[in-house]
Amino acid sequence: VAHCKGFFFCGQEPFVADEYIERLAWRTPGGGSRGGEAFDPKRLLEEFVNHIQELQVMDERIQRKVEKLEQQCQKEAKEFAKKVQELQKSNQVAFQHFQELDEHISYVATKVCHLGDQLEGVNTPRQRAVEAQKLMKYFNEFLDGELKSDVFTNSEKIKEAADIIQKLHLIAQELPFDSLMGFCCYPLSSPGKYHDLECQLIQEFTSAQRRGEISRMREVAAVLLHFKGYSHCVDVYIKQCQEGAFLRNDVFEDAAILCQRVNKQVGEIFSNPETVLAKLIQNIFEVKLQSYVKDQLEEHRKSDAEQYLKNLYDLYTRTTNLSSKLMEFNLGTDKQTFLSKLIKAVFISYLENYIEVEIGYLKSRSAMILQRYYDSKNHQKRSIGTGGIQDLKERLRQRTNLPLGPSIDTHGETFLSQDVVVNLLQETKQAFERCHRLSDPSDLPKNAFRIFSMLVEFLCTEHIDYALETGLAGIPSSDSKNANLYFLDVVHQANTIFHLFDKQFNDHLMPLISSSPKLSECLQKKKDIIEQMEVKLDMGIDTLNCMIGQMKHILAAEQKKTDFKPEDENNVLIQYTNACVKVCGYVRKQVEKIRNSMDGKNVDTVLMELGVRFHRLIYEHLQQYSYSCMGGMLAICDVAEYRKCAKDFKIALVLQLFDTLHALCNLLVVAPDNLKQVCSGEQLANLDKNILHSFVQLRVDYRSARLARHFS
């Protein structure tokens, strides 16, 4: 069985010895319990021994077969190796024969080339002699005055006739006229026959072009290439190409379509297609476009500056777009310069003074927009202060009268208009776009700066600055009752408008000046404008005085002495006084208005100033009253409400001030024995003793010896 391990039987599963023995025992009688037979180990052993002998015989037979096959394989391998060696030898012999054949072919080829050179050396003079003989023959016919050869009489051989006449014409021109030969050849050197043939060829080319025969046009053009009239042939082609090509209103689209069509055709006709196409484009620019542009612009040049500038921008843009399309064609080496010169030639007379027209139009248009707005408000503009930034700062420092003199009533009008601003910015935006397109690159920053200066003059100075000055003049005095604080509305609108101005500065001006010295000049001008406006906004701090004045009026009208010293201490039903409620409501409205009117650090600056003044007002207001125990509690409730209102400021200093004020109010109600402990608390320890004393003095029981003794 051991010899049979790993054997495979054809068409069966791989051999497994254990399974094989099991099947063998199962088939042997007495080898198992099949059929109730008793187990017979002897028979099973006998069967195993016999089967092992059979397997040994089978193994020997297979081994002999394997040895035989191995011997046969070795024999065939030796025969194959011998055959390969013989083939290699045959291949080497064949390669040697191939080298010899290659050398022989090279030798023969060299001989053939040498022979060809010799034949060419003999044939070339012969051909020249034949050509000379033919020319002499045709020359004699010209001398006799009778052209009998078929080449001159057959119209279909005009190409050969042209070649002959061209050669004879060149020969005749080289001979001196005072010699006999030159005199005889004068008919050939004169323009007569030469010119007639040229005209005939051009006429033939024209006819072929009208018939659309490209091949015939190519043949005639090739003949005329050596004639003086070749350029005239090109002119004829260009002229006929344009016949019927400009029938629509859009001359630019027609020109692009024409050039596209000619570009596909010209290479099949002329040997120098790029020159012909360039000449066609030059003719279109100098004739068609020049005439069209003149008709469109001269109509409005003096009468309507707006339409003139729009037409100029549109025509120049469409011309440059056409030029971009033409860049796809082969027009020679420097087609960019070529097309730029053509565009410049068309628009040179209009671009020279473009910026003057632009500035003049922008100035008159901006003035008209502003005047129309003020007329709609029935407002006559007042003259405003013209001092510079330093003058404004000096006025701010000294807090002198406002620039426009005494307070005026603006009736709630801010004199700022979003429509006016949008119109001014739109006009300037279009001016920047035209400037970018129409200005010479060297003049672009300078021209853009002039447009920017116009925007500053009319938007910033004549509109925003005027509105700020008018708003400052409209600020009521601090003792006015029911004052309307419209200046904050002016600030809000001015802030919004300046953001639009700044956006246009970054989006449309910066790209035009970013790489020029004008950048620093524009940034400085913008900085001066911002600083001047901020100074005027600082001058508008007087608005805060009005707010504080309004609070004073509310407190004076609503606060009663009995609020903090009630007649019946046990019957106080309110949480805080009516004056406190109204003041807090007013303050919250003003804080919201300030936040809506300003942005950035300006909000915090103004709110801090208002908060400090608000605290000072309440502090001084509380100092005017005497407080009973219940009145002190009510004062504490009022201050708590004021502190809650101060939180809306979102300014740490303001909230800290009201926290301290709230702590001071505790001195109005604390027991006399605890006064020193409260005064040494965290919030009051750093305060001046006089301030603490001033609050303690407000108590109605301050005169009592016990309280005075404890506080001292």
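Arginine 588 and glutamate 641 form a salt bridge in which the closest N and O atoms are 3.9 Å apart, a salt bridge being a side-chain nitrogen of Lys or Arg within 4 Å of a carboxyl oxygen of Asp or Glu. Arginine 588 belongs to helix α21 (residues 578-597) and glutamate 641 to helix α23, so the pair ties together parts that are 53 residues apart in sequence. Helices here (H or I, at least four residues) and strands (E, at least two) are DSSP runs, numbered from the N terminus. Salt bridges with shared partners join Arg588, Glu641, Lys644 and Asp648 into one network. Arginine 588 is partly exposed, at a relative accessible area of 29%, whereas glutamate 641 counts as buried at 12% relative accessibility. In these terms, buried means under 20% relative accessible area, exposed means over 50%, and partly exposed lies in between (1.4 Å probe, protein chains only).

The model is predicted: local features need pLDDT of at least 70 and side-chain atom pairs count only at pLDDT 80 or more, while totals for chains, interfaces and linings use all residues. Residues are numbered from 1 along each chain as its sequence is written, and side-chain values use heavy atoms, with hydrogens and water left out.

By the salt-bridge rule, the count comes to 23 salt bridges. Side chains of opposite charge can pair when their charged atoms come close. One of the pairs consists of lysine 310 and glutamate 306, whose side chains meet at 3.3 Å, N to O. These two residues are 4 residues apart in helix α12 (residues 305-326) and are therefore separated by about one helical turn. Lysine 310 is partly exposed at 38% relative accessibility, and glutamate 306 is partly exposed at 27%. Another pair is formed by arginine 211 and glutamate 213, with a distance of 2.9 Å, N to O. Here arginine 211 counts as partly exposed at 47% relative accessibility, and glutamate 213 counts as partly exposed at 31%.

The chain as a whole contains 27 helices and 0 strands. Of its 712 residues, 38% count as buried. The accessible surface comes to about 41700 Å², and 52% of that surface belongs to carbon and sulfur atoms; these areas come from the Shrake-Rupley method with a 1.4 Å probe, and for residues only the protein chains shown count as cover. Among contacts between residues at least 6 apart in sequence, 74% join residues at least 24 apart, where contact means heavy atoms within 4.5 Å.

An unreviewed UniProt entry places the feature "coiled-coil region" at residues 52-90; UniProt positions are given in the numbering used here, feature names are shortened, and annotations may be inferred rather than shown by experiment. In the model, the span of residues 52-90 is 100% helix and 0% strand, and its end C-alpha atoms lie 57 Å apart.

The interior may be considered next. In soluble globular proteins, nonpolar side chains tend to be buried together. The largest nonpolar core has 159 residues, among which Tyr237 and Phe270 touch the most other members. Such a core is a set of buried Ala, Val, Leu, Ile, Met, Phe, Trp, Tyr and Cys residues joined through side-chain atoms within 4.5 Å. Helix α17 (residues 444-473) supplies the largest share of this core, 16 residues. Leaving aside neighbours within four places in sequence, phenylalanine 270 is in contact with Phe205, Ala221, Tyr230, Cys233, Val234, Tyr237 and Val276.

Not counting residues up to four places away in sequence, valine 420 touches Ile369, Leu370, Tyr373 and His463. Valine 420 and leucine 459 are 39 residues apart in sequence, yet 8.8 Å apart in space, C-alpha to C-alpha.

Asparagine 378, which is not a glycine, has a positive phi of about 55°. Asparagine 378 lies in the loop between α14 (354-376) and α15 (389-398) and is exposed, with a relative accessible area of 75%. Lysine 650 likewise has a positive phi, near 60°, in a residue other than glycine. The loop that holds lysine 650 lies between α23 (629-646) and α24 (652-665), and lysine 650 counts as exposed at 68% relative accessibility.
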